[in-house]
Each structure stands twice: as structure tokens, then as C-alpha cells.
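Biologist: Hi! Could you walk me through this model when you have a minute?
Modeller: Happy to, let me put it on the screen.

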Amino acid sequence: MNTNNTHTNKNQPKTQAKLGASEPKGKTIKLGIDVHLDPYVVVRIVDGGTPQPPQRFGPPEFLLWVAKQIRLAKNVFTCYEAGPFGYSLHRKLEKMGVTNYVVRPRNWDEYGKKVKTDKRDAQQLALHLDRYVNGNQDAFCVVRVPTAEQEQARSISRQRESFQCEKQRLAAQGRSHALYYGEHIEGEWWQEQVWKPLAAQLPPIVVNLLEPLRRLIGALEVELKSRTQEVQAAAPEQLPIGLGKLSSEILEREVADWNRFQNRRQVGSYTGLCPSEDSSSQRRFQGSINKHGNRRLRPVLVECLWRLCRFQPEYRVVKKWRAELLNPKTSRPRRKKIIVEMARSFAVDWWRVRTGRCKAQDLGLKLQPPSANAKPKKSRRAASTSPQNK
């Protein structure tokens, strides 16, 4: 079989399948996959050989070709970058018996040649996969694949976030239209009680431009409220005062499984709230946060800590920094840095609580009193181990 062909047609996979029986079998086959909507660009490495020239497949033909690779080797390893196509390909490959890795996207042009093509990306994926399989754990960063249930729950909360961002974008667009014609509007200008007196003062062209935006924002607010209620309904009743149901549930859905972390350093790293560092010999410099983690956790944690400073004065992290926060000589940038450090510490503490290492009361956190009409909810851990789910 000639696997050095970089251009294929519709009939080529059939030809490859016929000639596949004559190929020599190897111990391992590694496939670097550059995934796109239609063509999958794949580079293969057999055992410890050199990367073979890239091949192009449609999604159905690619799965048939992978099935043939399983018959040609004892172990088949694949990898592709996380992206807009989710984890459906990963689950299909795992079901076929392939060991697949979803890796963090990166710029594979390590030497700055400024040449980026699908063939080069697929080749670099295959080369790094070869190193990773041979024991180099730093060859690339493997992304944790959530379960189907976790992925669906996270998609709901992320759609809610996208609705919120779209609402803010449309509101800003309306203020921009008004400013272009010399008018200045503030606040929630689209609300009915604000819009009626405001429209009487604005030029007709501005009113004409803002009316469609008002309707779009109104429809978004309805969907946003529905999604918010859906997310909040899944949160437990008893939470620390200051940690709302929405914030709590977003943290749960983004992390998916608190037991995935083995120590506090992994938790802090996942938040992206750790300081950047540039140290060499006797010199050490720490700068702003590295933002190397889940970007959706940071605003939730920071917002939560501002509330905890108000409602949880006995929380150990708040007690540590409360004096400096209340000091009138403390500058505003310094307060922001303190809140960021507190947010990172709270994420570690909440990991300890969620994994049963301690109780919230042990940390000085007061829980909200249980509601009289609240129905007992089965915990997620208990639900996952119930006989019905086994």
C-alpha cells in the first residue's frame, strides 16, 4: 500500500482497504489527527519509525481506516486538539479500542518559521504523541474528557453565559448608536420604564436604531432568566452565606469532578490565579496572574470573595486579610491583588470541602439555614453510585 499519497479521492479509501492486508504489522501505531469539519489530515508513525506523509480522509472514511490500523498493530494511539468539535470523535475512537488523547491547542511552530499548514500540525501532533507514549509526560498537555452528563450540564451554564455576554454587547451597541448622534444614555436603557421618557427626547433616527435592539435584548432576557433558574435549581439548598446558588453551580459544572485534583497546587493551577514568575539564579520576579487554567472560574471566584468579605467575617481567609482590606491607606490595585489571592485560597478550601477533607464550618464558613419548603436532594456522588445508575 502506498501511504505516501497526500492527495486522495473518493475511491482511494476502498483501494487502501484492499491493499491493507499486505502491510507489515507493528507493535504500535500512532496517529496525529488535525481535525476539521470535512477533511481529517492524519500522519502515521509505525513503532519508532519516521512520520509518514500526511493523508486526507472524510470523517466516515477515517473511522474505516482506523479500524484497519487496529488489525495491523497491537496498540493504536491517536491524538487531536480540543476545539469546536467537542469529544464525539474521542468517544468513537475509544469505543473502537483506540487509546486517544485530546490535547490542549498550541502553536506547533516552535522555531518561529511562520509556516502553519494542516500537514505540519498533523506531523507535530504525531511526533509529540510518539514522545508522550514513550514516557515524556511534558510532550503535550492532555485535556480531561468529561462524561456525557457532565458535558451537557456544563453546556447549559455556558450557554447562559453567552446569553449574558450577548445582552451586554447589544446594550453597548445601543449606547454607541446614541453617542454617534450626540446623545448619551446610561444604565438599562431598554427597560420599558426608562425607554418611554428617553425615546421622547432622542432624535427619530436614534429611536429607529434602538428599537430593534430593545426587542432582541428583551428576548434574550427571557431566555437568560430561564437558563438561570434551570442552573440554580440544581444547586444544593445549604451553601455558605455569600456563595450563591448560581456561583456554586457554575463552579461545580466547570470543575465537573473535584476528585480529579490530587493536591492544592493542582487546584490553584486550574484556576489560573497563580502569579507568573521569571526567576533565574538568585533573581526571582513574580508578576501578574498567569491565567493558565479555566477562564470561566476566575470571575466567579473573584465575585464570590467580594461577597464573602462582607458576609463571612469569621472565614479564615477573610480574617487574614480583613485588616489590610479595611485600611484606608490600602490602594485600590493592592485590594484587587488581595482579592485574587483570597479567591485562589477559597478555591483550595472549597475543594477540601467538596472532597470531604473538611467541613465548611471548620474553615469558619457559616451555612445558610435550611429552607422550610426545601425537599432533600440526593447528592451527585450518591446519585452516581445508586443501583439505578450502575
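Biologist: How many bridges join β4 to β5?
Modeller: Five bridges join β4 to β5, and the two run parallel. Strands here are DSSP runs of E of at least two residues and helices are runs of H or I of at least four, numbered from the N terminus; two strands pair if DSSP finds at least two bridges between them.

Biologist: Before we go on, what sort of model is this?
Modeller: This is a predicted model, where local features need pLDDT of at least 70, side-chain atom pairs count only at pLDDT 80 or more, and totals for chains, interfaces and linings use all residues. Residues are numbered from 1 along each chain as its sequence is written, and side-chain values use heavy atoms, with hydrogens and water left out.

Biologist: Back to β5: which residue there is the bridge partner of Phe77?
Modeller: Thr99 is the bridge partner of Phe77.

Biologist: What's the strand order in the open sheet?
Modeller: The order is β3-β2-β1-β4-β5, five strands with mixed pairing. β3 (55-57) and β5 (99-103) are the edge strands, each pairing on one side only. From one strand to the next, the twist averages 25°.

Biologist: And how do β1 and β2 pair?
Modeller: β1 (residues 26-34) pairs with β2 (residues 40-46) in the antiparallel sense, over six bridges. Ile33 stands opposite Val42 in β2.

Biologist: Which helix lies across those strands?
Modeller: Helix α4 (residues 118-133) lies across β1, β2, β3, β4 (73-81) and β5, and runs at about 140° to β1. Axes are lines fitted to C-alpha atoms, for helices over the stretch in contact, and angles run from 0 to 180 degrees between N-to-C directions.

Biologist: New topic: at what angle do α5 and α8 pack?
Modeller: Helix α5 (residues 148-180) and helix α8 (residues 245-255) pack at about 130°, their axes 9 Å apart. That makes α5 oblique to α8, as angles under 35 degrees count as roughly parallel, over 145 as roughly antiparallel, 65 to 115 as roughly perpendicular and the rest as oblique.

Biologist: Which residues of α8 make the contact?
Modeller: Leu246, Arg253 and Glu254 do, and the α5 residues include Ala153, Ile156 and Arg160; contact means heavy atoms within 4.5 Å.

Biologist: Last one: how many helices and strands does the protein chain have?
Modeller: The chain has 13 helices and seven strands, and 38% of its 390 residues count as buried.

Terms used
Buried means under 20% relative accessible area, exposed over 50%, partly exposed in between (1.4 Å probe, protein chains only).
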